[in-house]
Amino acid sequence: VDANHLSLVTGLEGDVNVKFLLTGGSLVKVRSNNWKKNRFFKLQEDFRTVFQETHKIIGRKNTFSIDDIDTVRQGRHSEGLEKYTDENMEDRCFSVIFKNRRKNLDLIASSREEAAYWTTGLEKVVRAMHNLSRQESSEHWIFNCMRKADKNHDNKMTLKEMKNFLRTINIEVNDNYAEMLFKKCDTSKSGTLEGSEIMHFYSLLTNREEINVIYSKYACTGGQMSAEDLLKFLVYEQRERSSMSDALRLIEKCEPDETAKENGHMTKDGFLMYLQQAEGMIFNMAHKDLYQDMSQPLNHYFISSSHNTYLMEDQLKGPSSTEAYIRALMKSCRCVELDCWDGENGEPVIYHGYTLTSKVLFKDVIKAIKEYAFKTSQYPVILSLENHCSLEQQKLMAHYLRSILGSALVTEPLGDKMPTHFPSPQDLKGRFLVKGKRMNKLDSFFSSSSALEEDSVSEEDEAANSSKMKLARELSDIVIYCKSVHFVSFEHTRDTQAFYELSSFKESKALNLAKTSATAFICHNAEKLSRTYPAGSRTDSSNYNPVPLWNAGCQIVALNFQTPCKEMDLNQGQFLPNGLSGYILKPKFLRNRATEFDPNRLTRGPWMQKKKFHVMIISAQQLPKLNKEKKNSIVDPLVKVEIYGVPDDKAEKETHHINNNGFNPMWNESFEFTVFVPELALVRFMVEDYDTASHNDFIGQYTLPFTSIQNGGSVYHPIPWNKSLLLTKRHMVWLLMADREG
């Protein structure tokens, strides 16, 4: 497919920015003060890769994929460009941010105009190719693989090329079957497949019996679905409250055949396209945007929260970076941690104290937070300060917070009188709250003292020492609704602790309280905020299970956002609904100060809403190869369905594995789960590559709250994971699956 064709199908024909990218040009690549090199970059004609000139290192890839680009940032908005370029270069700088842990690509153009060509052009291509990938049928993808398998480019396929092609698309077949399939398609007896023979081969390969069964049941009008047929499917199978206008709208949106569309019909290709639309997903689209009441007090919400946010990797020697804050905030994290220490030249720094992790300037972090805090969500961000600084550097921290964040920083209680409860996320939209030590209670807000001896123990080190520190009045005064205090007991806090006084609990303490004193913990959290954080022994930045803490009503369950793992999957699933706001309203029984709910010992109450969850795992399509370097590596996929929530709801079931078929495996296995407390339940679908000798390898997953699953009887929905589809039946469901980079 040439560039002219792609410019047409992507709608970028004649676009001056894209033409500039296709021509290419020289940019300065920036790594450090001493490493700034001219390199040639060019968008390839496949529109999917960018060529980059490399020197010296043999074997290094000289291209990167458009699919790997997360965002393109114009200006000096990366840590590297802020450090290693001058302010007068602002309009010539830009950064390419990748989806995974790959380092940013920091670049300088020769002029402001050229920088605009690059940033605008790349953004357009990324967006267009993303849309094209969503619209592409399996046919486009498979024929691209066929072309790659055609080594001599003669538009014919030999038996050997066919075997290589099957391995490329993740199918392993024995030689006899491959030869049988080849002979069946080689009607010309030429020993090669070409033209219509390849089309026949394609049709045999892509035939999906499970889709045929669904489609043929309702395709009652000349072998196609009429609008009336489609409406019956929507009403009787999907259990949707649909009308004829809804059916016609879906035909207009999904049907690729213009003749069928004009006749108000849907072909099988159109039906498959419909199954991949948002309307067909397992996730209830009514929960996609903001749908919850955001006017409740702040402590009535679960709040997406990060631990040691500044770290990109491990806790001992990994890099600290403003980029880590940007990535967490763009994932709608609403509570970030700043571990503050005295730095050189009087400048406070952020890093993991007493370790070899690198340092980043406090002021640079605050600038990055200001820039990116409200791009994904408009709801408040809590800055959790771990203060280890001298008085002078504390004063400078306070100055930076006030001067950089400006009026967005909450520096006094809302309203004209002493508050008795938290403001709501709605009241605090676009605002920053500081969590940290404070000299006095809010009713002595205008105290005149400039410094006070204060317990220096960090919440995260309370067992280690009991020394004292001086706390600067300037820093103390901007701690309004989140004053850090030491936890003694639930009885003590009930009698003496103000609503805005917040305790932090290390992992072991929090999990023990959630197990042995769950109801007391819930009642505490119905009035106050609680923060939990990983054990210090997790030097690899691993995570703990957040679910028991959510069950106990804890709002700020801080996790290591930089670590892809099951626990972060659960966190992202928990905060998937409600417009990716980073705030989820807790169930009513977790907001009631007189609640009797105990997640560990279920009794009758409003929390008991017993549900039966039926799911049939039908099939998958185009699962990725995990070992792309090894040609003969084919996945043996299986699917796990997991329920997380109260202990009585915890469950896991899995299908059998399918040998050597990641292209179109079929399971047709049914499972049933009983869910007692659906408002606290999460459902996780995971695909793994079965391994007899070691742990199974992770392929993809999708997690969502049980209450955000589409309601219905027989409901079919898709789960695309990159180009992969998992077809399930949840009284029936298709699923949407994502890798851990999103």
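A cavity, on a 1 Å grid over the protein atoms alone, is a set of points where a 1.4 Å probe fits but cannot get out, and its lining residues have an atom within 4 Å of a point; grid points are joined across faces, edges and corners, and a volume is the space filled by probe spheres set on the points. The model in your viewer is predicted, so local features need pLDDT of at least 70 and side-chain atom pairs count only at pLDDT 80 or more, while totals for chains, interfaces and linings use all residues. Residues are numbered from 1 along each chain as its sequence is written, and side-chain values use heavy atoms, with hydrogens and water left out.

**Stop 1: a cavity**

To see its lining, select Leu27, Phe41, Val50, Phe64, Phe94, Val96, Leu105, Leu107, Trp118 and Leu122. By class this lining holds ten nonpolar, no polar and no charged residues, where Ala, Val, Leu, Ile, Met, Phe, Trp, Tyr, Cys and Pro count as nonpolar, Asp, Glu, Lys and Arg as charged, and the others, Gly among them, as polar. At least two lining residues come from each of strand E6 (93-98), strand E7 (105-108) and helix H4 (112-135); helices (H or I, at least four residues) and strands (E, at least two) are DSSP runs numbered from the N terminus.

**Stop 2: aromatic pairs**

Rings of Phe, Tyr and Trp (its six-membered ring) pair if their centres lie within 6.5 Å, and planes under 30 degrees apart count as stacked, over 60 as edge-to-face and the rest as tilted. The whole structure has 27 aromatic pairs. Select Tyr215 and Phe271, a tilted pair with 5.7 Å centre to centre and 50° between the planes. Because Tyr215 lies in helix H9 (residues 209-218) and Phe271 in helix H13 (residues 268-275), the pair ties together parts that are 56 residues apart in sequence. Both Tyr215 and Phe271 are buried, a term for under 20% relative accessible area (1.4 Å probe, protein chains only).

Next, select Trp550 and Phe575, whose ring centres are 6.3 Å apart with planes at 80°, so the pair is edge-to-face. Trp550 belongs to helix H21 (residues 547-551), and Phe575 to the loop between helix H22 (566-574) and strand E22 (583-585), 25 residues apart. Trp550 is buried, with a relative accessible area of 3%, and Phe575 is buried, with a relative accessible area of 3%.

How values were computed:
Buried means under 20% relative accessible area, exposed over 50%, partly exposed in between (1.4 Å probe, protein chains only). On a 1 Å grid over the protein atoms alone, a cavity is a set of points where a 1.4 Å probe fits but cannot get out, and a pocket is an open set with protein on both sides within 12 Å along at least five of seven lines; lining residues have an atom within 4 Å of a point.
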